[in-house]
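User: I'd like to learn how to read helix packing, sheets and chain contacts in a model. Could you walk me through this one?

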Amino acid sequence: MDKVLKNTGVHFFSSKKSASDIKGKIFVGVTQLAVILIIAILFIILGIIVYEGRAKFSWEFISSFPTNGMTEGGIFPALIGTFILVIVMSIAAVPFGTITALYLTEYASENSKFAAAVRFSVRTLAVVPSIIFGLFGLGFFIQFLGAGADTAFNGGQLRWGQPNILWASLTMSLLTLPVIIVSVEEALKTIPRELREASLALGATKWQTIKKVVLPGSVSGIMTGTILAVSRGAGEVAPILFTGAAYYLATLPGSLSDQFMNLGYHIYIMSTQSSDVEKTMPIQFATTLVLLILTLSLNIVAVIIRSRIRRKAK
Amino acid sequence: MKDIKIKVNDLSLYYGEKQALNEITMDIPANKVTALIGPSGCGKSTFLRCINRMNDLIPSVSITGKMLVEGVDIYDKNVDVVNIRKKIGMVFQKSNPFPKSIYENIAYGPRINGIKDKTQLDEIVETSLRKAAIWDELKDRLDDSALGLSGGQQQRLCIGRTLAVSPDIILMDEPASALDPISTSKIEELVHELKEQYTIIIVTHNMQQAARTSDYTAFFYMGNLIEMGKTNSIFTKPVQKQTEDYITGRFG
């Protein structure tokens, strides 16, 4: 037996490292390098922003209006404007998105063409560039709906047919709709079939089952979706460029037909069109820092809630 | 057989093209326990789910034939399936309490039926839990989550939940198969007590359980009803050879 093995040169345990072993190690090394690189870049960016912005970053900064042609002062109106924007956006998007997700999960039959069309639309909507939403908002909400409303109810006087916080919020809600739909769908799917069966077997209708068993169980999913949508809506600028954001307003928006200031838009304008870009650098960085903290904390909360949902589903 | 609660006539069930139940014809007696036995995949659970139209939930299923409950064909177009399920309750193989309190689990059915008055609900909860032989264990923790109960307690809770809507017929799909022997015997005792008021149909793969708890037994094989009769006769002098083979353990 030994003689045969020796002749063919086969060893039971090879002490040499095989070629695929080395390739494997190189692969792991490259991926590790990539991860380190990405994290490093992230930290460098964050570091620069924190460093440059920390001087201006204060309670006064957050709570006061900009002064002196936007070269001094704070970002209070931009902060409030962003808040109002995401609130109105959520009021529009969350119910609509939840109902869509409910339809897709609970009511649509397997081969429904309509449901397939809805799913396709949601997926497509998710990848449309955000500037397209802005153009749509301008064309549909402002020039068609708004102008139409003015002609019909205002006797032609211009009130709704121009950029304002309502149209901007609605435009933004279209952008964030896919996020909400996907999160809610995911939460709905974690409700086990057995619970639905238990409810139906007791003589409940489908709607009663949804209202009393399915929806209460998916509240965290709806919350996750909402938070992710808000985080996205707080940061996106392109959809509100021509639908309602303004560079400088002396007062806070008083009604839905007013324009508003916005953190992301503020940063954009200051870095490209302010009278003294150098002088406003610290303000720009500080504003970026505020926006980053806002979106980061929202995302972290959403991730925590979502991981709790996933753990519950196991 | 004296009082017949359910008359099944040539009931066939198809999953798409595939036939799973073949012209089942049987009479199910009132206020008795009827056991459905047979090897895995013989169609007994599928048949059970036909009785409260739970198979309606599966889109590829089509059913022919008649199932008459007290003279009414439950598969008739004009029949409201929601009402059927209030009269025909079901206990599942794996207990499925809602992630709510014990009280709310039992009150779920009555609430759906429009009962809002707290005193009424309290009464129904107590009665149902007593009937399910679990009132004493749970009466001091009605507000605790149902998910904190043991497997056997959860199953008895589910039975109580089913009883709370006052059905006539209770379907049980292997209710004790996931439970330990002591919980199993508690459930079997319960079945015995309940049959005075309800008609019970129980699917079981455990022949000893069928012999212990049921008055009538129906033997299913490959989607066909091979034989049905008084439990005593089925187990001591079965008519069909297949029945005898199954009971003596030659297959299954």
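User: How are H5(A) and H7(A) oriented to each other?

Analyst: Angles under 35 degrees count as roughly parallel, over 145 as roughly antiparallel, 65 to 115 as roughly perpendicular and the rest as oblique. They run from 0 to 180 degrees between N-to-C directions, with axes fitted to C-alpha atoms over the stretch in contact. Helices (H or I, at least four residues) and strands (E, at least two) are DSSP runs, numbered from the N terminus. Here H5 (residues 113-127) and H7 (residues 165-189) of chain A pack at about 130°, their axes 8 Å apart, and are therefore oblique. This is a predicted model, where local features need pLDDT of at least 70, side-chain atom pairs count only at pLDDT 80 or more, and totals for chains, interfaces and linings use all residues. Residues are numbered from 1 along each chain as written, with chains lettered from A and ligands numbered from 1 in the order written.

User: Which residues of H5(A) and H7(A) meet?

Analyst: Contact means C-beta atoms, placed from the backbone, within 7 Å. A:Val122, A:Leu125 and A:Ala126 of H5(A) meet A:Leu177, A:Pro178 and A:Ile181 of H7(A).

User: In what order do the strands of the chain B sheet run?

Analyst: Strands of a sheet pair through backbone hydrogen bonds, either parallel or antiparallel; pairing requires at least two DSSP bridges. In chain B, four strands make an open, antiparallel sheet ordered S2-S1-S4-S5. Its edges are S2 (18-29) and S5 (72-73), each pairing on one side only. S4 (residues 61-69) joins S5(B) over two bridges, and B:Leu68 has B:Asp73 as its bridge partner.

User: How many residues does each chain give to the contact?

Analyst: Chain A gives 15 residues and chain B gives 18. H8(A) supplies the largest share of chain A's side, six residues.

Key:
Two residues are in contact if their C-beta atoms, placed from the backbone, lie within 7 Å.
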